[in-house]
Structures are given as structure tokens and as C-alpha cells.
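Student: Can we go through this model together? I'd like to start with the terms.

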Amino acid sequence: MAVMPAVSLGEGNTPLVPSLRLAPRLGLRRLFFKLELCNPSGSYKDRFIAAQLSHILPAGVRACVATSSGNTGAALAAYSARYGLACSIIVNQNAPAGKLAQMQAHGARVLRVRDFTSSPDVTLQVFAILERFSQQANASLVVSAYRYCPQGMAGVESLGRELNHPDLRHVFVPLGGGGLYSAVCRGLHGSPALVHAVQPEGCLTTVAAWTRGDDEIRPVESTTTISGLAVPFDIDASLALRLLRQNGGTAYAVSDQEVYQAQQLMLELEGIYTEPAGATALAGLLRAVQSGQVQPDDDTICLVTGHGFKDPASITAAAARHPDTLLLPSELLDALQSSS
Ligand SMILES: Cc1ncc(COP(=O)(O)O)c(C=O)c1O
């Protein structure tokens with residue numbers, strides 16, 4: 001019998017680059033960025049999809065249905081194109097243009113559902129429909145969370161393992177549904193590093209429970225505009241909360257504004273072309289530096305989870321700070337001289 005080669009598009013083993021200009025401004029000597037945006041479809045979700053497809057394809061699955069803020073969908077669409085899987089992807093009405101284009105360009109069927117991921121009621125209703133449909137239609141339900149796809153999420157634990165180093169002190173992780181945070185903690189099992197969770201104020205699930213000091217994940221009406229981090233009820237939030245408490249890391253709630261500012265810093269001072277969710281870890285680090293939780297010699301890593309190409313609106317807003325100029329050739333020399 002022919003053995004199927006491992007499902008892969010070259011995901012994982014992403015670069016860990018030192019901060020060159022931001023670290024000195026923050027008074028830090030050992031700050032690094034883990035560039036998950038270098039994965040083939042531009043986010044860490046490729047690790048998830050490669051592992052999930054390795055699990056379902058040998059079982060004969062030929063169709064799947066997924067929920068996504070856009071990155072799971074983009075990864076699934078790419079790998080589905082490569083392995084001949086039919087996929088339908090449910091996103092909300094505000095999914096960023098870059099993510100939508102990726103899914104569609106790879107031939108996925110994209111269904112945008114109003115208020116999905118902002119309203120907990122709508123989100124629960126959609127999940128119920130998908131669970132029913134996936135059983136009836138023999139289609140695999142793909143959701144990047146341990147609750148639904150533990151084998152796929154085990155693939156994300158490689159990210160935590162790649163960070164492991166005896167001197168590592170702090171890791172900052174953006175938190176939406178909580179699967180990513182949980183996978184990073186599990187991959188770092190046995191490491192003394194503190195793994196901090198950073199969630200937008202407009203969608204606090206895990207972080208709110210951590211702050212209150214109880215175990216109840218309360219559903220929220222999400223108002224965050226940070227694509228990828230709006231998950232209004234407990235998918236993996238209670239798992240993430242449990243792991244956060246075990247690890248001893250801190251939970252940070254940051255405003256969308258702080259996230260966009262962190263994105264600008266990464267664009268302008270580090271040359272890192274990230275989507276807003278990918279700058280959320282840095283927004284948390286900025287808080288930690290202010291509160292003195294990170295010391296100058298602490299080895300610190302911020303995860304940069306997704307690519308700037310995915311969210312052109314946020315990049316356009318950052319670019320507007322540096323407008324271009326349209327000139328006649330005769331005006332060029334004056335313009336060059338006046339800007340120097
Ligand atoms: C770029 C990016 N970063 C972080 C996350 C958060 O992952 P999780 O929902 O597992 O907490 C997501 C989820 O979609 C994402 O797309």
C-alpha cells in the first residue's frame with residue numbers, strides 16, 4: 001500500500017529575529033520576535049492545518065467545513081488546494097480583505113455570516129448548525145481549538161518547542177479563543193519561562209476571569225476590531241485560563257488602539273510587516289515594561305502570528321502617516337533636497 005507523504009507546505013521552524021531598534025528604546029537587551037508570518041499562508045495556522053489534515057486525510061475525508069476569522073480559512077484553503085479537499089469556510093462579515101482573497105484564490109467556498117464571532121448567540125447557533133451539517137454530510141469540522149480538533153492543535157505545540165531555551169524568561173502570546181496560548185504552554189512544558197496572555201479589551205474571556213480570580217468564562221458581545229482575536233465565548237478559554245494559572249504568567253487586556261500603535265512600531269522600527277493580531281503580543285510587552293515586570297536582561301519573545309498582507313486596511317492606516325507625493329520631473333530635485 002502506498003504511504004501518503006507527510007502533509008506539508010513547509011510550515012514551522014520560523015525565524016526568531018532579535019529586535020534592533022525597539023529593544024533599546026524599551027531598555028531591553030534581549031528581545032526577540034518569532035516570525036510566524038513566515039509560514040506558507042502567512043500565519044501560525046499552517047501548523048494547525050498541516051497536523052489536522054495529516055489526521056483526517058488518511059481516514060478518507062474529502063470535504064470539510066471550517067469556522068475562521070480568516071487565518072484558519074486561508075491555511076485550510078491553501079492545503080486543501082494542494083491535497084484535493086473540498087472546503088467551505090464560515091467567516092464574519094468583517095473578515096479582512098487579504099484573508100478573504102487568500103481563501104477564494106485557493107478555490108475555497110467562503111460564506112460570510114452576519115455577527116458571527118461578535119455575538120455569542122449567533123456564534124453558538126452557527127457552531128450548532130455546523131456540527132449537525134458535518135455529521136450529515138460526512139464533512140470534517142475544522143476549528144482551531146483543542147475542543148474541536150485536538151490532533152491539529154497538537155501540531156501548534158511545535159511552536160512552543162521551537163521557543164524553548166534555558167535562558168528564556170518571558171513569552172508574550174495574543175489570545176483569542178485560547179487555543180494558541182494553550183498550545184504554546186504545552187510545547188514549552190517543563191520550561192521555567194512565563195507565558196503571558198494578551199487579549200483585546202473588547203473581547204475579554206480568559207483575561208477577565210483571570211483578573212476576577214474565578215473560573216467562569218462569561219460570554220461577551222465582542223467589540224474588538226482586531227481580526228483573529230474576537231472569540232466571544234469559551235472555546236479554549238477555560239483551558240487557556242487553567243494553563244495560565246499553572247504557568248504563573250500574567251494576563252493583559254489591551255485596547256485596539258494600543259494594538260494598532262504596536263503594529264506601527266513593528267512596521268516603522270523593526271521592518272516587520274504584521275497584521276494587528278500579530279502585534280498584540282508587543283502591546284502586552286509594552287504594558288509589562290511599564291509595570292516593571294520585564295527586566296532589562298530578561299530573554300523575551302513576542303509571537304508575531306500573522307502577516308500584514310492579510311489586513312490591508314490596517315496597513316493603509318499605518319501608511320497614511322507617511323503620504324507620498326506626485327511630482328513633475330522638474331520638481332524632483334527640489335523635493336529631494338527639501339526632504340534631506
Ligand atoms: C494572527 C492570529 N493571532 C492569534 C490568534 C489567536 O489564536 P486563538 O484564537 O487560538 O487564541 C489568531 C486566531 O485566529 C490569529 O489569527
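Tutor: Buried means under 20% relative accessible area, exposed over 50%, and partly exposed in between (1.4 Å probe, protein chains only). The model is predicted, so local features need pLDDT of at least 70 and side-chain atom pairs count only at pLDDT 80 or more, while totals for chains, interfaces and linings use all residues. Residues are numbered from 1 along each chain as its sequence is written, and side-chain values use heavy atoms, with hydrogens and water left out.

Student: Is Asn 13 buried or exposed?

Tutor: Asn 13 counts as exposed because its relative accessibility is 66%. Asn 13 sits in the segment before strand 1 (16-18); strands (E, at least two residues) and helices (H or I, at least four) are DSSP runs numbered from the N terminus. Its phi is near 50 degrees, a positive value in a residue other than glycine.

Student: And what is the phi of Thr 117?

Tutor: Near 75 degrees, also positive in a residue other than glycine. Most residues other than glycine have a negative phi. Thr 117 lies in the loop between strand 5 (109-113) and helix 5 (120-136), and counts as buried because its relative accessible area is 13%.

Student: New topic. How is the protein divided into domains?

Tutor: Into domain 1 (16-42 + 153-319) and domain 2 (45-142), with bounds from an automatic or database domain assignment. Their C-alpha centres lie 24 Å apart.

Student: How much area do domain 1 and domain 2 bury between them?

Tutor: About 1,900 Å², 54% of it on carbon and sulfur atoms. Buried area is the accessible area (1.4 Å probe) that two parts lose on being put together, summed over both. Ser 41, Phe 233 and Lys 310 supply 31% of the area that domain 1 buries against domain 2, more than any other three residues.

Student: How many salt bridges cross that interface?

Tutor: The rule finds three between domain 1 and domain 2, taking a side-chain nitrogen of Lys or Arg within 4 Å of a carboxyl oxygen of Asp or Glu. Separately, Lys 99 forms a salt bridge with Glu 275, with the closest N and O atoms 2.8 Å apart.

Student: Which residues does His 307 contact, leaving aside neighbours within four places in sequence?

Tutor: Leu 37, Gly 42, Tyr 273, Thr 274 and Glu 275, where contact means heavy atoms within 4.5 Å. His 307 is in the loop between strand 10 (299-304) and helix 12 (312-319). With 16% relative accessibility, His 307 counts as buried.
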